[in-house]
Amino acid sequence: MPLYHDDDQAMLADSARQFMAEEGSIKKQLRHWRDRDCKDGFGHALWEQFGEMGFTGILVDEDDGGLGMGHVEAGIVLEEIGRNLTPSPFLTSSVLAATALKHGGDDIKGRYLPGLIEGKSVFSVAIDEGPKHRPETIRTRAEKSGNGFRLTGQKDFVLHGASSDMLVVAARTSGSDDEPEGITLFAVPKDAANMSHDAVRLVDSSMATHTKFDGVELDGDAVIGEVDGGREILNAMLKAGRVGAAAEGVGVAGGAMDMTVDYLKQRKQFGKLIGEFQALQHRAAHLYSEVEIARAVVVKAQQLLDGDSEKADLMSSVAKAKVSQAAGLAVREGVQMHGGIGMTDEYDIGLYMKRDRALSEYLGDAYYHAGRVAELSGY
Amino acid sequence: MAEQLESFRKETRDWLEANCPPEMRQPVRDEGDVYWGGRNATFKNDAQKQWFEACRDKGYTVPDWPKEYGGAGLSPAEAKVLRQEMAAINARPPLSSFGIWMLGPALLHFGTEGQKQRFLNEIARGEIRWCQGYSEPGSGSDLVSMQTFGEDKGDHWVVNGQKIWTSYADEADWIFCLVRTDKDDKYKGITFMLFDMASDGVSTKPIKLISGNSPFCETFMDDVKVPKSYGEDVPGYVGEINRGWDVAKYLLGHEREMISATGGGDRATSLGAATSRQGELDPVLRAQMALFDIDALSFTAMSEKFMDELKAGKGHPAQPNMLKYAGTELNKRRNELMMSAGGSTALEWESEETSGGKTARGWLRTKANSIEGGTSEVMLNVIAKRILELPGA
């Protein structure tokens, strides 16, 4: 498969680009909700528009009412989300939770997918425990209780946790904390008793929670897939989420770079456009090169994931790490080359820097994934 | 179509099985393993001769050139199959030459029918070894400032001047050479000439590099007579007189693609995995290896995307500059890491264990990657100007 978009994908990219630039713009969404101190950090009306556009069900099978598309297509939407810093629960709901639900039975799909597809439901995923992404260790426990389970533990960095209609929770049903096996995924509804959210606003104005499960009683039908069979589903979610976050990161990088290159063509100092200075030209050209390479590896990872390739796991980490570095460079150079106004809240470039920081951390930063690349490569 | 390709694959596999000797299915170890052809060429062994002759007779020294010019006339898809099948058995290239990589593409694009018939066939059959005369002592990155001058004497020019970095000039038979033929027009005053290195007045002097090897020469031209014609429809220059810069620019694009295609070295294998087999890596070095592997795998995806887009006529025409920049910088980094992983063994300059200092010499050689064929700084200039469209670049 060639590493560029086919005609259908190019059409989707056009419409996603136009839609996000108009409806998902920084002014209309990110700044709007941030400046109103919105408790969700995103707009529900926009999420419903995502539903009307078909974006919400992009990864959901056609039999289940979705578009039955792949990660290349989801990535097209995510790149535009990244470029416009559009706050939305797309990544957690339509990529991560949707991937989990693919592994669920008809009952659980029927319960949750229609709301997702319409853009009415918001889903979160609760994986991390502690400030760093370490999905190898899961301490949150789900013990047998009657016909169901009783959930105890705490999850962190749960994006949109307090705004969610359902949380996909990775919990341990057997074995010790570090064991690969013995994980079960649960679909926990928002009104579950003994679940509490400590909502925190993050640097990029998105909302996350520390979520406590203090003996949350769950029915057996809250299990996604098989009991003790959650690791495989979790790995599938992580692959999809990492490649998705990488696609969004390419959008963040591209948006920051374009803004910066435009600025170099407008700002005058010493009687010259600053873009005429070779010191800045070379840095901008190096940045372009890094962003293009990051874009290429993301498409590669998406295609491998869609083709169910064995290499998809390695390449999802490569893509996440590479994008994190390229986007980090883009926002740092962006702020520096904007000079003083880059430090002001009025200018958007700083918003890119904040978003990149949060997105890089989500589902593992470049250092985590570099370690993973070494391990998967056998050293 | 797919069926035809599969049957071609089978034929190719059978042909390779029958014609590629086992000795030619080993990685190239030293310069002697590379066959360059030319008037004075000798074969290292019978296997090298046998493999070269089989490929020559089949048109496989230049598989995608037309049959009438010594190639096999393969379609891009067939040529890809051949490359894949050769790679699968680690087959060495039967013939290496600047004629194949550089002059050939220029002649295919700009040459007359007579030039193609003569020169391309000579290249394909390994009869004439070419070298390239571009840079001059005072004209490196600023190539167009070159001064080597050809005085018009009617049916010939008299050329005087000096070229530098002419690869293997001391072993080459002919040279394709940029010569100024109009001193008043910088860009439209250069002619892309072709002449015999055995001509009176041509002399060469090898340049010893920091790697200890001498793949490059200085080439001096002292009243060298270059005919304007070598016979009917065989001009002594490519393209038009005074428009050699067009040919040179076209070739530089080719050269950048070629260098960028080798960027990062052997990217199929993880550098961290390969080096850790020699001994445990220090933790920080291991981390650097992982970061390198990430960049190398990402660059591989970029190269693949570039090739896909090239075939489909998509992509920015200045992209090879980006690939050249990123690929060569990556290759330098790779070699730095290999030296670090190798420790004091990698420092050995002549020992048998290191095949004569292969790691160290290779490391030093890669420093030229970001200089030859346009420096990294020139590549960044081109990206700034042509892709980012920055002012005054």
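Which residues of chain A does the UniProt annotation "domain: Acyl-CoA dehydrogenase/oxidase N-terminal" cover? Select residues 7-120 of chain A, the range given in UniProt by an unreviewed entry. UniProt positions are in the numbering used here, feature names are shortened, and annotations may be inferred rather than shown by experiment. Over residues 7-120 chain A is 68% helix and 0% strand, with its end C-alpha atoms 30 Å apart. Helices (H or I, at least four residues) and strands (E, at least two) are DSSP runs, numbered from the N terminus.

Some ground rules for the tour. This is a predicted model, in which local features need pLDDT of at least 70 and side-chain atom pairs count only at pLDDT 80 or more, while totals for chains, interfaces and linings use all residues. Residues are numbered from 1 along each chain as its sequence is written, and chains are lettered from A and ligands numbered from 1 in the order in which they are written. The model scores ipTM 0.95 and pTM 0.90. Chain B averages a pLDDT (the predictor's confidence in each residue, from 0 to 100) of 93, and 96% of its residues score at least 70.

**Chain B, by domain**

Colour chain B by its domain assignment: domain 1 (2-96), domain 2 (130-243) and domain 3 (263-387). These bounds come from an automatic or database domain assignment. Between domain 1 of chain B and domain 3 of chain B, the C-alpha centres are 26 Å apart.

Next select residues 131-224 of chain B, listed by UniProt as "domain: Acyl-CoA oxidase/dehydrogenase middle" (unreviewed entry). This stretch is 0% helix and 51% strand, and its end C-alpha atoms are 16 Å apart.

**Strands of chain B**

Show β2 (residues 149-152) and β3 (residues 156-167) of chain B, which run antiparallel and are joined by four bridges. Two strands pair if DSSP finds at least two bridges between them. B:G150 stands opposite B:V159 in β3(B). Three residues separate β2(B) from β3(B) in this hairpin, and B:G154 in the turn has a positive phi of about 85°.

Look for B:W157, whose bridge partner in β7(B) is B:V226.

**Where the chains meet**

Show both chains. The contact (C-beta atoms, placed from the backbone, within 7 Å) takes 33 residues from chain A and 37 residues from chain B. On the side of chain A that touches chain B, two or more residues come from each of α7 (230-264), α8 (278-306), α9 (312-338) and α11 (366-376). The most come from α8(A), with 14 residues.

Zoom in on α11(A). Its buried residues (20 or more other C-beta atoms within 10 Å of their own; exposed means 12 or fewer, partly exposed in between) are A:A366, A:H369, A:A370, A:R372, A:V373 and A:A374. What covers them includes α9 and α10 (349-361) of chain A, together with α7 (271-276) and α8 (283-311) of chain B. After α11(A) comes A:G378, with a positive phi near 90°.

**Last stop**

Select A:G229, in the loop between β8 (223-224) and α7 of chain A. Is A:G229 buried or partly exposed? A:G229 counts as partly exposed because it has 18 C-beta neighbours inside 10 Å. Finally, draw a distance to A:V216, 13 residues apart from A:G229 along the chain: the C-alpha atoms are separated by 20 Å.

Methods. Contact = placed C-beta atoms within 7 Å.
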